[in-house]
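Hello,

I am passing on a structure that you have not seen before. Please open it first, and then read my notes below.

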Amino acid sequence: MVPQEEVWALLSDIRNAGRWNSAWSSIVFTSKQTHGPDTRFRARTDGGETFEFVISAWVVPEYIEFTPVREDGERYGITLESQAFRLEPEGEEATRVELMARASTHGVKGWLLGLLFWRGYQRQGLNAALEKLEGAFSSEEFDEPQEEATPATD
């Protein structure tokens, strides 16, 4: 059990997001801002893929939303629109964490993929993220120094 302020402190620390997001192995800021709404960053996966995000909503200490940054017209059969954490206190020492993903489908193939596979795929990913978040508070990992994110040079 962890107070809401501690959960918020971890989630809002984008520089060290790897503590709560196992998909992101490193973070590079693409904006001069490194905290708060409109912060932009590039997340790299262990597989070498990179994805750019912007913090599209920020309500301390209740809600944080990440939206992928895409080129105009860039879309897929299923397009992730955003992921968000909603935090609600449950007593003085506990926090209810709700993790949400919003996506859109395009075309018949996207609609079918969304209907047949998206919910299960997202449920698995969201559950893994919540487990990683919980693990950050139940291990020594939370107290260890983390690798620093670097500002973007391009």
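How many of the 154 residues of the protein chain, as a percentage, count as buried? The share that counts as buried is 35%, where buried means under 20% relative accessible area, exposed over 50% and partly exposed in between (1.4 Å probe, protein chains only).

Some background before the details. This is a predicted model, in which local features need pLDDT of at least 70 and side-chain atom pairs count only at pLDDT 80 or more, while totals for chains, interfaces and linings use all residues. Residues are numbered from 1 along each chain as its sequence is written, and side-chain values use heavy atoms, with hydrogens and water left out.

The protein chain has 2 helices and 7 strands, in the order α-β-β-β-β-β-β-α-β along the sequence. Helices (H or I, at least four residues) and strands (E, at least two) are DSSP runs, numbered from the N terminus.

Now to the core. The largest nonpolar core holds 25 residues, and those touching the most other members are Ile-14, Trp-20, Trp-24, Phe-41, Ile-64, Phe-66 and Phe-85. Such a core is a set of buried Ala, Val, Leu, Ile, Met, Phe, Trp, Tyr and Cys residues joined through side-chain atoms within 4.5 Å. Elements giving two or more residues to this core are helices H1 (4-11) and H2 (107-138), with strands E1 (26-29), E2 (40-44), E3 (50-59), E4 (63-68) and E5 (78-89). Leaving aside residues up to four places away in sequence, Trp-20 touches Leu-10, Leu-11, Asp-13, Phe-66, Phe-85, Ala-129, Lys-132 and Leu-133 (contact means heavy atoms within 4.5 Å).

Not counting residues up to four places away in sequence, Ser-104 touches Gly-77, Ile-78, Thr-79 and Glu-81.

Finally, among contacts in the protein chain between residues at least 6 apart in sequence, 43% join residues at least 24 apart.

Enjoy exploring!

Best wishes
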